[in-house]
Structure formats: structure tokens, C-alpha cells
Amino acid sequence: MTDIEDKDIENTPEKVPAAGPDAGTQPKTAAADDSEEVIREVTASDYKYGFVSDVETEVIPTGLSEDVVRLISKKKGEPEWMLDFRLKAYRYWTTLTPPQWAHLEIPEIDFQAISYYAAPVKKEGPKSLDEVDPQILDTFNRLGIPLEEQKALSGMAVDAVMDSVSVKTTHRRALAEKGIIFCPISEAIREYPELVKKYLGSVVSYRDNFYAALNSAVFSDGSFVYIPKGVRCPMELSTYFRINASGTGQFERTLIVADDESYVSYLEGCTAPTRDENQLHAAIVEIVVEEKAEVKYSTVQNWYAGDAQGRGGVYNFVTKRGLCRGNYSKLSWTQVETGSAITWKYPSCILKGDGSVGEFYSVAVTRNRQQADTGTKMIHLGRDTRSTIVSKGISAGHSQNSYRGLVRVAPDADGARNYTQCDSLLLGSDCGAHTFPYIDVMNDTAVVEHEATTSKISEDQLFYCNQRGIPTEEAVGLIVNGYAKEVMNKLPMEFAVEAQKLLSITLEGSIG
Amino acid sequence: MAAQKEDNALTQYLQLYDTEAAEISARSCPVLEKLRKPALKRLRTAALPHKGTPGYEKTDINAMFAPDYGVNTRRMAWDVDLAASFRCDVPNVSTLLAVVANDIFRPTATLENNLPQGVTVCSLDTAARKYPELVGRYLDSIAAEPRFRHTVATDLNNLLMQDGVFIHVAPGVRPERPIQIVNILNATVPLMAVRRVLVVVEDNAAADILLCDHTARPGTDYLINQVTEVYLGRGASANLYDIQEADAGTSRLAENYIYMPHEGASVAFHSFGLRCGNSRSNIQVVMTAPHCTTDLGGMVICTDEERTDIASRVTHAAPHCDSDQMFKYVVDDDARGAFEGAIVVEHGAHHTRAYQNNRNLLASEKARMHTRPQLEIYCDDVSCSHGAATGQLDARALFYMRSRGIPESQARTMLIQAFMMDVVDKISLDGLNSRMRHLVERRLSGESATCAGCNTENLNCK
């Protein structure tokens, strides 16, 4: 079946690029005593990372049909079974309508007006960093993650995805020594078909929801990670996604498999250039955690959120789910969501193995006209499973920020334990913060707790800071930082710096 | 929507209305009659909520209404055994008692003699004839306030309702005695009781109101379709206690609309679900003037195959309003409990303080609990929180009690009782307070915990 030769880009391992934040661009604005003023400034800051890099891209005509699905599959040189997978998903997708239940106002999306494939035109596969298109390198430089600098930074491998095709993969040899597979999923389909076949769609079926079906039909690329038994991944694995070509949706597909007693920490970060047209992003992340394995998945999301009037911005409709299949496995999601015009995202854990643990830590910031409906699902199936949910929402401007979470304890999940805490902070009188938890308990030995609070920044705290000579603006920053700290602390060190930076840029006006 | 589907339970009631319209019209006064046409128009294209309807995940209203219930459109009366209703009189509290037999209002002798000046408690039908202007001003116009979710069941009530209770308290009047309405179900064939309760508490007036549901003739299937509208004037206050003590064959859909359009009003609404086969209560409160307070409480004991579902929705549409909600469930055997509570704070409702708490005990392997607290906040200067927890009795507390020689079953009962007490303690009527403790105790100990059953000890005939 694999009639394709192994000619794909073998990326020479490069020295460790890190998710280095572009330090030194800390914004500083004039002190304003009035917190209203601060909030206005916060809301007014422009998107820092807005630019279009002029890389040649190969875009197929807009629209979606079986032919397009076949074309995508052909362009990627996929085997027959993959094409079947896509077609099945496509046919199912045609029977669905977009979900309406979220607390979001989603303008109607014309799925036939989107181009479903865009690949940077490449000559031969680059043999080293020098061969990578300088434009792309420049893009990363402007993003504040210069690869050169990253090399010097701590032990991280970056599988940088631009638009749809993985352009660069670093550090693979070092990983290969340990038997770890970290490569673009398109490559994995060719090189490790058995592994991919076994796990692809096993956690997020193409029948899961509208956007999952769409992704399954047209997904372009993404990352594949396999950690063999007993291996502790020696570095943080990191992928940068960017949307680049105008009018193309991006449909990544990430598959992470952690075999027995392994450990991996995976980082995902996004920034996208300014654009007037709405861009659709419908990704799938699937994670399988086997016995006694642990996966830590961290996201910093800063896609273009549209301008102050709510024009443009990315639609981020993502299905992320992990299956704790083995006993005593652990999956931890951490996310910092600052971007996207609309976010629809519920990273979930299915706690199937006995004693497995699921965690979800989230900071979601919305401002201007942003809308976010995000949260998690914790499905307790095994005995003595535990889950923790900590969600911190911050809304400003005219934005709407919702937490939506499900905790379900199945009849056999004896001794299941969940603790949920979701707090919302309101900055400004025109924004909204909403909480929609669903709690289903079908076992009498389970203990499920949920707590939620909503408030604005306490006048007392502000006064206390002012009294000690801290200007209001800085004080707001301090308080917001403190508020989000519980989640920020869960991020890997390198990422935490960037996340804090994103938070500060988002809440510009020196908050943070 | 799936309006005209064949399995639409509304169809049979619409057909019934079509054939009985003349009869109903002949017996109704214009105030009630004028609700029917618009309701009918809406119902023609509507469907009752089913399991797929958001907010009704655990209770299928369409299925609840699907059996072939009779409706007493021709107002056939049966003799109420008033003695039976007296038996559930609250000890140590003398009440202004009225009985509603299925859906027909029956005053008692004590009521007519004891009504204080300025307090009206009478049949809704009578009131609509005697005070058409007053009743017309409030009836269904409270439920139609746009901030409420005017439900399909309310329209069905508008269409078929012919009587109910009208309670009016004139400005400044604060009757000492609580008003008690005992609803008794008694029929030989499956029956749908279509009741309407209208409560108007004028400026600076106050009222304590007890609403009790009983099944006098178990073994028959009953369906209660009850709509309660409460209107509070400036500085008015009302305490409502809704006690369900029905039978396993009884289904109940209660729609409660509580409207506070004037400053300084306060309401307390406490729901006690002691026994009911299948029950859904929607409690909606809207506060559109500053300095109003809402206190909602709920205590549910669900055993056997019972289903109890409460949905509360408190809307803060004005600044400086407070609300507090506390709902506690004990779910045992194969029972299912569901709670959905929302706090909505509208834009501009500054200085809102809104809290909600839901605590549930699962007492058996097959018991299920579904909880969905919600916060919808569109204003920044607020302090809102909700908490929900589902679990079981503290094993250490149980062990402690057993180690001191208390049998396990008794220890469990004591702990569950203690768990329920903070809702019961919210009752401000002393007599009712102790009666509720007693009822909870009997209910938990597995004895026939009917109100009637406890009369032997605490009977208090006036």
C-alpha cells in the first residue's frame, strides 16, 4: 500500500529551539490612576503579531467535495486506508449541521468558500536550518521565536507547522535514540502506518461532532508523537502552528501516544497574522495514555482575535480529547487562551483506567468582541479515578467568556473524585462571564464538587496597592497575575514565561 | 421545531379543547376566556419539551403529558372530606385554610370567618368575576413579562384552566396567620388537574403562604399542571412554602413566576419534595427594581423510582439586589434527581450579590443525580458564586456514631436529617418548622411518611 518512497524531508536535528518569548518588548504605558482608563487601554491594544509573511503557498481552489478530499489525500501521497478514513468522515460530515448549543454568536460559515489545502511550496526538503525558506525563518523571528536563539535555549524540539505542512522538525535524532517518534503526522502515516492505524480516530471518532468530522476528512498535517514503553521523554516537545495563507482553514491533527510507564510533556503555541477575513481553525488532538504513563499537554493560544469592532479573527473550533486507557495513567491539560475571535474548545479526559487522573487548568482571556466558550469534560469510567478542574476566566471590553464543563461519573466508577473550581473576573461593565457546568453522578461512592465565583477586581485590593504606592494599572496587573497564577504555575517553565507575556500583551496597558 | 409530530402530547389536549371549547367558554368568565385564544394560537405550532430540549435533559415533559389524562372541563365536583384535609393542618399554627379539590377551589368555614380585613383568599374563578379589572391586570401578564421564559405548559394552562386560587393582600396589610392551600387529588380515572394560583401582595404588605399537594386516592394516575404567578409591590414580602406530599402515581409540572418590579420587595420560596412520582418545578424570579431580595430553598427526598427535577432561574435586572439559593437532595434506591439553577445578572445590575448552593447525597448504588448550576453575568460590579457537590455521607461521621453504639441505619438517618436541616431551618414559621423536621424524620425512617400519617401524634384541630 505504501507506494510512496521515503523521500520526505528528513530534517536534520538542530540544537534545541525553545519556545522563547520575545523578551524585552514588555509594554509600558503611562500610569493612569483610574482603573477604567486602564481597562480601556487594555482593550485598545493592537495585535502584536499581526503580519502576513509572503511565502509562496500552493492553494487548491475553494470548496469541499469528495474530489477535494481525494485530491488532498493524493497530494499528501497517502495510502488507500487513509483515503477511506477521510471519505467516510466526509460522507458523515455532509449529514451534519454545525452545533448551536454554545453561548456563542457564530456568523454563518460558508464551508464551500474555504480552501482546504495550502502547502508552502518547497523545492527539495531542507537539509538544515540554512535551507529553510528565509521568509519562514523571518516569520518565526518576528514571532519572537528565532530558531537560532532557540537552539541555544533549553532542550526542546520544535516541529514548526506553517499552514499545513510541517516545514521543519528539529531534534529528531536525539529523540530517535530513545525510540521516541516525533514527526509530522503525514510522515507517520507513511512510516508507521500500523501505529497510526491503531490509534487514529480511536479517541476522537470522525462521528464525534461536526468539526471533528470536517477535520477527519480534510486534515492537512499535524504532529505525531509516540513514546515507547518506559521512556521518559528527555525534553519538552513543542509545535508552533501558524495560519498563513489567506482564506485557508487550518485543520491540524495531532496524535500523541504514551505507552506504558512513559512520560511526555507537549507544548503547543499559536500566533496568527492579522487578517480581515475570518479564518477557520478546526483541529483535533488525540492523546492515548497507557498504563502508568503520563502526558502533560500545554497550550498557549494567541490567534488573531479580530479588531476592536470584532471584524476578522480566527474561529477556533477544536476537539481535544485524551484517553487514559491504562491503569494509573495521568493526563494533564493546561491552556492559556488569549486569542481567537471565537473559541469553541473543550479539552477532555476519559478516565478509563482504574486510578487514572485527569487535570485541566485553564486561563481564558477575552476582550473587545471576542467570544469564548471553553471548558473540559471529565468522564470517570474506572475505579478510583480523580480529576481536577481549575478554570480562570478574564473578560474585558464587550467580550463574552463562558466556562462549560461536564463531569460524569459512570455507574462503575467507584470512589471517583472530582474537584472543580471556576472563577471569572470581569474588567469593564459591558462584558459577560458565564458558567455552565454539567454534573452527572451515577455512582454513590463518588464525590463531586463544583465551585464558581464571579466578581470584578476587588476595590479593597486595589486600594491596598494604591496605598502602598503602586499605581492602579500596575496593581490591576498584579492582581490579574495573582489570579491566574494557579494555572500559570502548571505550565512548563519555558512556556510559563511566554504565557505570562501573552497575558500581559493581551491585557496591554502594563497589566501583567 | 418538531411541532406537529405525531407523538406530540399536546395534540390530545388541543383536540379536547376543540371539542369542549363551547363548554369551557360557557363556564368561564371573560378574564379567563381572553387568555385562551392567544394560547391556542401558540400551542398549534408548539411542542412540549422532550429529552432533547436544552434544560430538560432529565425530564421529558412530553412523555409526562402523553398518557390519556382526563380534564374536568365540565367542572364536576366531588365532596371533599374536609376532615381529611384538616389532618395535615400544621400544629401550633392556625392557618387560613382553603382546599383545592383537583382543580376546584373549596373554601372552609374557618377561612371565611377568619379572613382579616384586606386579605382576599378565594377561587380564581370567583375573583375573576368579582374583580375582573384586578385579576385581569395580573393574570398571565406576570408570566408574559419578557424576562420570564413563558413555557408551553403555561400556555396549556391558559387554555384549559378554569379555576384555582386567588390571594390578594391589600397595601400595608400583614396578616398574622399564614394562608394554607391544600391541594387534594381525588379521582377514579387518570386525571389532569389544571390549576392556577395568582398571588398579589401589594405595597408594604406581607403574606405567608403554604401550598400543599396531597393525593387522597392513591392508585390513580394524576398529572398536575400548575402555574403560580406571584406579584410583589413596593416593600412587599412573601414567604411561600410549597410542600409536595403526593403519591408515586402522581406527576407534577409546576411553573412558578415571581415578579418584583418595585423597590424593596422580598420573597422566599421554599420547596419541599417529600414524595412525588415524577416532578418538575420551574422557579423563575425576576427583580427589576433595586433592593429586592430573593431566597430560594429546596429540599428533596427521592426514593424508589421517583424523579424530581427543579430548575431555578433568578434574574437580576436592577442594581443592589440580593439572591440566595440552597437546594439539597437525598436520592435513594432507583430514584433520579436533577437540578438546574441559573443566576442571570443583566447589564447594569451593579452591586448584585447572588449565591447558589446545591448539595446532593446519593444513598444507593442505582441513584443518579444530575446537576447543572449556571452563572450568566453581563455586569462587572457583582459578587456571584455557585457551588455544587454530589457525594455520600461522611464515612468517618458514620463510624463515629456507630462506635458510640448508634445502629447504622439510625446513624444514617440522623446524618441525613442533619444534612437537610439548613433548608428546613430557613422556614420562619415555627410550627411548620417542627412539622417539617418530623416529616423528614418519618420519611427517612421508611415509615409511611404522609402528612396524614403524622396526625395521630400532633393533631391540632381547631
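Trainee: What covers the buried residues of helix 1 of chain B?

Mentor: Buried means under 20% relative accessible area, exposed over 50%, and partly exposed in between (1.4 Å probe, protein chains only). Helices (H or I, at least four residues) and strands (E, at least two) are DSSP runs, numbered from the N terminus. The cover of the buried residues of helix 1 includes helix 2 (30–44), helix 8 (152–160) and strand 7 (191–201) of chain B. Those buried residues are B:Leu10, B:Tyr13, B:Leu14, B:Tyr17, B:Glu20 and B:Ile24. This is a predicted model, in which local features need pLDDT of at least 70, side-chain atom pairs count only at pLDDT 80 or more, and totals for chains, interfaces and linings use all residues. Residues are numbered from 1 along each chain as its sequence is written, chains are lettered from A and ligands numbered from 1 in the order in which they are written, and side-chain values use heavy atoms, with hydrogens and water left out.

Trainee: Where does helix 1 of chain B bend?

Mentor: The bend at a residue is the angle between axes fitted to the seven residues ending there and the seven starting there. Helix 1 (residues 10–27) bends by about 70° at B:Glu20, one of its buried residues.

Trainee: How many salt bridges cross the interface of chain A and chain B?

Mentor: Side chains of opposite charge can pair when their charged atoms come close. A salt bridge is a side-chain nitrogen of Lys or Arg within 4 Å of a carboxyl oxygen of Asp or Glu. Across this interface the rule finds two. In one of them, A:Asp440 meets B:Lys58 at 3.9 Å, N to O. A:Asp440 counts as buried because its relative accessibility is 5%, whereas B:Lys58 is partly exposed at 39%.

Trainee: Which residues are linked in a network of salt bridges?

Mentor: The network links B:Arg195, B:Asp213, B:Asp242 and B:Arg252. Between B:Asp213 and B:Arg195 the closest N and O atoms are 2.7 Å apart. B:Asp213 lies in strand 8 (residues 206–215) and B:Arg195 in strand 7 of chain B, so this pair ties together parts 18 residues apart in sequence. For B:Arg252 and B:Asp242, the closest N and O atoms are 3.0 Å apart. B:Asp213 and B:Arg195 are buried, and B:Arg252 and B:Asp242 are buried too.

Trainee: What is the mean pLDDT of chain A?

Mentor: pLDDT is the predictor's confidence in each residue, from 0 to 100. Where pLDDT is low, the predicted coordinates should not be read in detail. Chain A has a mean of 75, with 71% of its residues at 70 or more. Over residues 160–168 of chain A, pLDDT stays under 50.

Technical notes
Contact means heavy atoms within 4.5 Å.
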